Amino acid sequence: MPLHSNIKQVTLLGSGTSTGVPEPGCFCRVCLSNDPQDKRSRTSALVETFDHKNILIDCSPDFHRQSILAGIDHVDAILLTHEHYDHIGGLDDLRTFAWYHPIRIIASKRVLEAIRYRLHYYFGATRYAGAPEIFLEEIDGKTSFNLYGLHVVPIELMHGKLPILGYRIDDFVFFTDLKTIAPEELAKANAPKLFFVNALRATKPHPTHQTLEEALELVRKVESPLSVIIHLSHHAPLQKEFPALLPPHTVAGYDGITFAQREDGFHQVEDNKTPLQCPEPYHFEDLGQVDYEKALGLQKKLFEESLARKKEGKQPSNHLLFCEHNPVYTIGRHGKPQNLLQSEDWLCARGIKLFHIERGGDITFHGPGQLVGYPIFDLQQYGMGIKDFVHTMEECIIDVLRANAIHGGRIPGATGIWVGIGTENERKICAIGVYASRYVTMHGFALNVFTDLSYFSAINPCGFTDKGVTSLEKEMKTPTSMALVKQQVEEAFHRRFRKALKETQEKKHPRKQINKTLI
């Protein structure tokens, strides 16, 4: 039976209640347990889709550590259940994701008001200069909606006397901090393929949370083929004691437990590996200021070595080189000589060389104050074709522009990154031109940081006569440093190409299912 849901897998990032386990100041047998599965951070979950969207349900104060352990490299949206600190306390840790990639926070009006108050330096009248791109989206708690191809149904729960939200996302249901639920709301949760439900402790009643007994009664009513007990305190049993207490098809959650969707439902898989288990996406080297001929020779050497290894059936190394050049003009294989507007004598008088090279594109300039990047990548290792590769490089540059408060993007039919798109003053800030053979690349990008733009007046840059050029510093209207921009660009490359490498490896080596949880 084919899958009808876009959910790839669900990870329980944190399995504990508001005080976590161990609880500070407590020396009970659960808090003193040496079993890693008895160490519970505050509750949050991650839903990953087949098209690589990451959706959080709640963002606990422990999200910083949770994201590192789970290897999360981006967040697209967050569904919030309610405004208590143990469910929203990690929102400020989203900054490092949201500087480069906008994040949607979806919640009820009351919860969004609490966030505006708590994060007043993001949303208040005086906005913090380093505030990330976070967008608040209000839902009414009654109306279902679509989120990245997923059908989301809010379900009203009662957290004592406080109304909060649970969520049904396709065939996955998430309930936390529940004490009671109305029959008409429970009907929305009927027969999911995966059910997360809270149980604070074993038997002693609590005014705002379910006990394990109450949770198991709800499990029986919901009739899911796989249920997971979450939001556990140190008053719950030890993890090793749960199997004897739980009915078939029900397990006690722990931090990092993951369930992947297959054609016959959800299956528990091996624990997530830390991001350190994924190899580096490339070898990085900053060449500093170097003659164009020397850098070209190094590129060709690495390029030929990679091709030779592929012909031998071996995996080549990937390299990312950064440098600045002395002033030169380069013309791609399809470039038109008439786009050089000056004579060879003019070039010679200024000590500027002209190179005809094998990359795509027309004529461009390289010189001091311009960051040039040369990725010698085996694209098959990243699961990319040439178009995907160019697109990813463009996204890296757009990330860096966004981090410097510059809006950059693409123009159809004009490779590279532009600013002022749609105006009479469209101007290129980064040129891109590549060459590839057997999916191994060379050449790359040239980002104008504080380049002397007068050199571009001697050419029709990239063959255009109706568009201008600009630099990062010119758009920022303030000085910047090459060292900082190099760091920002390499960070963007590392994040995006590591993600691609990781996803390709996961397709080749999917994690093993642990079917015993379904017995």
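These are my notebook entries on a predicted model of one protein chain.

**Entry 1: the whole chain**

I started with the overall picture. The protein chain carries 14 helices and 27 strands. I looked up its extent along the principal axes, and the C-alpha atoms fill a box of roughly 90 × 60 × 45 Å. Of the 519 residues in the protein chain, 55% are buried. I also checked the contacts between residues at least 6 apart in sequence, and 70% of these join residues at least 24 apart.

**Entry 2: two helices, α12 and α14**

Next I turned to a helix pair. Two packed helices are described by the angle between their axes and the distance between the axes. For helix α12 (residues 386-403) and helix α14 (residues 482-508), I noted an angle of about 135° and axes 9 Å apart. Angles over 145 degrees would count as roughly antiparallel and those from 65 to 115 as roughly perpendicular, so α12 and α14 are oblique to each other. Their crossing is right-handed.

Which residues of α12 and α14 make the contact? On the α12 side I listed Phe389, Thr392, Met393, Glu395, Cys396, Ile397, Asp399, Val400 and Ala403. On the α14 side they are Gln488, Val489, Ala492, Phe493, Arg495, Arg496 and Phe497.

I then moved to strand β11 (residues 194-198). How many of the residues of β11 are buried? The count is 5 of 5. Both faces are covered, with Leu194, Phe196 and Asn198 buried on one side and Phe195 and Val197 buried on the other.

For the pairing, I kept in mind that strands of a sheet pair through backbone hydrogen bonds, either parallel or antiparallel. Strand β10 (residues 172-174) runs parallel to β11 and is joined to it by 3 bridges. To find this pairing on screen, I used Phe174, which stands opposite Phe196 in β11. β11 also runs parallel to strand β12 (residues 227-230), with 4 bridges between them. Here my landmark was Phe195, which stands opposite Ser227 in β12.

I looked for its partners. Strand β1 (residues 7-14) pairs with β14 in the antiparallel sense over 3 bridges, and Val10 stands opposite Phe259 in β14. Strand β15 (residues 265-269) pairs with β14, also in the antiparallel sense, over 5 bridges. In that pairing Thr258 faces Val269 in β15. β14 and β15 form a hairpin, and 2 residues lie between them.

I followed an open sheet of 3 strands, in the order β19-β18-β20, with mixed pairing. Which strands stand at the edges? They are β19 (353-356) and β20 (363-366); each has a single partner strand, so one side of each is left without a neighbour in the sheet. From one strand to the next the twist averages 25°.

Strand β18 (residues 328-331) and β19 run parallel, joined by 4 bridges. Thr330 stands opposite Phe355 in β19. Helix α9 (residues 292-311) packs on this sheet, where it touches β18, β19 and β20. The direction of α9 makes about 20° with that of β19.

Last, I went through the backbone angles. Most residues other than glycine have a negative phi, and most peptide bonds are trans.

- The peptide bond from Val21 to Pro22 is cis, with omega near 5°. Pro22 sits in the loop between β1 and β2 (44-49).
- Glu223 has a positive phi, near 60°, in a residue other than glycine. I found Glu223 in the loop between α7 (212-222) and β12. Is Glu223 buried or exposed? Its relative accessibility is 56%, and the cut-off for exposed is over 50%, so Glu223 counts as exposed.
- Ala405 is not a glycine, yet its phi is positive, about 60°. Ala405 belongs to the loop between α12 and β22 (409-411). With a relative accessible area of 76%, Ala405 is exposed.

Notes
Residues are numbered from 1 along each chain as its sequence is written. This is a predicted model: local features need pLDDT of at least 70, side-chain atom pairs count only at pLDDT 80 or more; totals for chains, interfaces and linings use all residues. Side-chain values use heavy atoms; hydrogens and water are left out. Axes are lines fitted to C-alpha atoms, for helices over the stretch in contact, and angles run from 0 to 180 degrees between N-to-C directions. Angles under 35 degrees count as roughly parallel, over 145 as roughly antiparallel, 65 to 115 as roughly perpendicular and the rest as oblique. A crossing is left-handed if the near helix is turned anticlockwise from the far one by less than a right angle, and right-handed if clockwise. Contact means heavy atoms within 4.5 Å. Buried means under 20% relative accessible area, exposed over 50%, partly exposed in between (1.4 Å probe, protein chains only). Two strands pair if DSSP finds at least two bridges between them.
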